[in-house]
Amino acid sequence: LATIGDIRNGLQVRLATITGLHANDIWPEPLLTPAAVPMPEGDMDLTFDGGHITTFAIVVVVDRSSLRVAQDTLDGYMSDSGADSIQAAIEGGPTLAGAVDTIIWHGWSDYGLMTIDETPYFGAKATLEVIH
């Protein structure tokens, strides 16, 4: 059974396939943008066959010094395909190198301004379920 840390590490490896994206497994200090951080969001649920389902969010933030550039950059990460697509990066290795059974992508939310440690960013959150 994969631990939360195993899943975060596996997601970081998949996110690191995107050139220029600072892929993290935990919140870094300092936070360098553009950044993506996987975060567990819910309790583990049991599947019918005794496996587990854990909900994760991938928080993505970009520099907001220019909102136009921030939105264009974030839109590339939110695309369902392409070199900058977070969805494509995750779905390109849905077992996280064998650590989990699969990942179910649920989509994006919370698009807009975010504040982290009193610093404003532009960002969004992807939600996915990890079956392990």
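Lys125 has a relative accessibility of 17%, so it counts as buried (under 20% relative accessible area; exposed is over 50%, partly exposed in between; 1.4 Å probe, protein chains only). The model is predicted: local features need pLDDT of at least 70, side-chain atom pairs count only at pLDDT 80 or more, and totals for chains, interfaces and linings use all residues. Residues are numbered from 1 along each chain as its sequence is written, and side-chain values use heavy atoms, leaving out hydrogens and water.

**Exercise 1.** Work out which residues are linked with Lys125 in a network of salt bridges.

*Solution.* 
- Step 1: Take a salt bridge as a Lys or Arg side-chain nitrogen within 4 Å of an Asp or Glu carboxyl oxygen. Searching the whole structure turns up two.
- Step 2: One joins Lys125 to Glu41, with the closest N and O atoms 3.1 Å apart. Lys125 sits in strand β6 and Glu41 in the loop between β2 and β3, so this pair ties together parts 84 residues apart in sequence.
- Step 3: Lys125 also bridges to Asp110 (3.5 Å, N to O).
- Step 4: Put together, Glu41, Asp110 and Lys125 form the network. Glu41 is partly exposed at 41%, and Asp110 is partly exposed at 49%.

**Exercise 2.** Find what Leu15 touches, leaving aside neighbours within four places in sequence.

*Solution.* 
- Step 1: Count a contact as heavy atoms within 4.5 Å.
- Step 2: The list then reads Leu21, Ala23, Ala36, Pro38, Ile58, Ile86 and Ile90.

Definitions and conventions
Helices (H or I, at least four residues) and strands (E, at least two) are DSSP runs, numbered from the N terminus.
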